[in-house]
Amino acid sequence: MRFVKTYNDFKLDCKLELKPGTITALIGCNGSGKTTLFKLYLGLIEDDDKHTNQVNKEEIGVVWNDSSFSLVLNVLEIKKILMYSYKHFDCDYFDFMLSRFELDPKKPLKEYSTGMLSKLKIIIATSLHAKTLLLDEPTSGLDVIARNEVLDLLRDYMEQNEETSILISSHIASDLEGLCDEFYFIEKGKIILCEQDLESYALLKGADETVDLSYALKKIGMTYLTNERQFYVENYPNLVIEKAHIDDLMEYMIKGETV
Ligand SMILES: Nc1ncnc2c1ncn2[C@@H]1O[C@H](COP(=O)(O)OP(=O)(O)OP(=O)(O)O)[C@@H](O)[C@H]1O
């Protein structure tokens with residue numbers, strides 16, 4: 001699907017394909033267009049052609065920073081609303097996950113901590129058994145233990161719902177690295193890199209003129225980013241070659257000089 005949206009001097013123009021059985025990461029700096037892309041996908045805003053993406057709310061589960069139920073409600077009341085609104089809402093799964101995450105269903109949301117609210121949103125999104133899950137920063141506000149619990153939940157969910165596609169954004173790159181099958185890097189409204197396998201990326205430290213840099217993509221100082229890690233491992237045993245993590249890819253793709 002292609003999404004085009006202009007706001008004053010910001011233009012988003014992205015193609016995004018969510019495949020069944022795949023977790024896709026959307027990675028980008030502040031203001032790169034992640035939320036705009038989510039909103040276009042969800043049909044919350046219209047694109048430049050005054051077109052609004054038509055979505056079936058039964059088919060999309062969302063974790064969204066802005067969206068929340070009224071804080072005076074408790075989880076039992078929310079459950080009733082969900083049962084009424086979504087025909088595929090899975091009550092048993094919802095109850096099971098509440099106890100797994102030790103969330104008190106009788107406590108009003110205003111007494112929930114940020115982390116508890118984040119967990120609740122994920123439980124709601126996954127309880128709908130939607131074909132697509134859009135998760136905007138689902139682990140924000142969670143400590144490391146809770147974050148891992150949520151990531152495990154998503155892995156379990158994918159095992160049990162093989163046809164689901166998930167689009168997830170997170171500022172915590174390590175969350176995405178171990179979870180996702182496909183990585184979209186967005187910058188200034190454009191997809192600057194789309195990759196399934198990050199293992200072939202590496203940083204070549206201190207590479208000088210004795211090193212063949214034909215397979216280097218970007219450089220910062222004397223460190224080069226390559227997507228041909230194996231070539232350098234095999235041919236330059238003395239070169240310092242480090243794994244390039246998502247944060248490195250972002251930094252080099254945005255700030256690096258083209259080689
Ligand atoms: N309603 C709006 N009116 C005008 N400009 C907007 C509007 N919404 C977003 N923008 C602009 O679009 C650009 C992308 O914003 P967006 O919120 O999509 O980024 P983001 O990647 O989600 O950022 P963050 O990680 O900080 O949440 C920004 O320059 C922002 O100022």
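**Figure 1. Confidence of the predicted model.** The chain has a mean pLDDT of 90, and 98% of its residues reach 70 or more. Here pLDDT is the predictor's confidence in each residue, from 0 to 100. This is a predicted model: local features need pLDDT of at least 70, side-chain atom pairs count only at pLDDT 80 or more, and totals for chains, interfaces and linings use all residues. Residues are numbered from 1 along each chain as its sequence is written. Confidence is lowest in strand β4 (residues 60-63), at a mean of 79, and highest in strand β9 (residues 202-205), at 97. Helices (H or I, at least four residues) and strands (E, at least two) are DSSP runs, numbered from the N terminus.

**Figure 2. Where domain 1 meets domain 2.** The chain is divided into domain 1 (2-194) and domain 2 (199-258); the bounds come from an automatic or database domain assignment. Eight residues from domain 1 and seven residues from domain 2 make the contact (C-beta atoms, placed from the backbone, within 7 Å). On the domain 1 side, α6 (173-177), β7 (182-187) and β8 (190-195) each supply at least two residues. The most come from α6, with three residues.

**Figure 3. The open sheet.** Five strands line up in the order β12-β9-β11-β10-β13, with antiparallel pairing. Strands pair if DSSP finds at least two bridges between them. β12 (240-243) and β13 (257-258) stand at the edges with a single partner strand each, so one side of each has no neighbour in the sheet.

**Figure 4. Strands β9 and β11.** Three bridges join β9 to the antiparallel strand β11 (residues 223-226). L204 stands opposite Y224 in β11.

Conventions. Contact = placed C-beta atoms within 7 Å.
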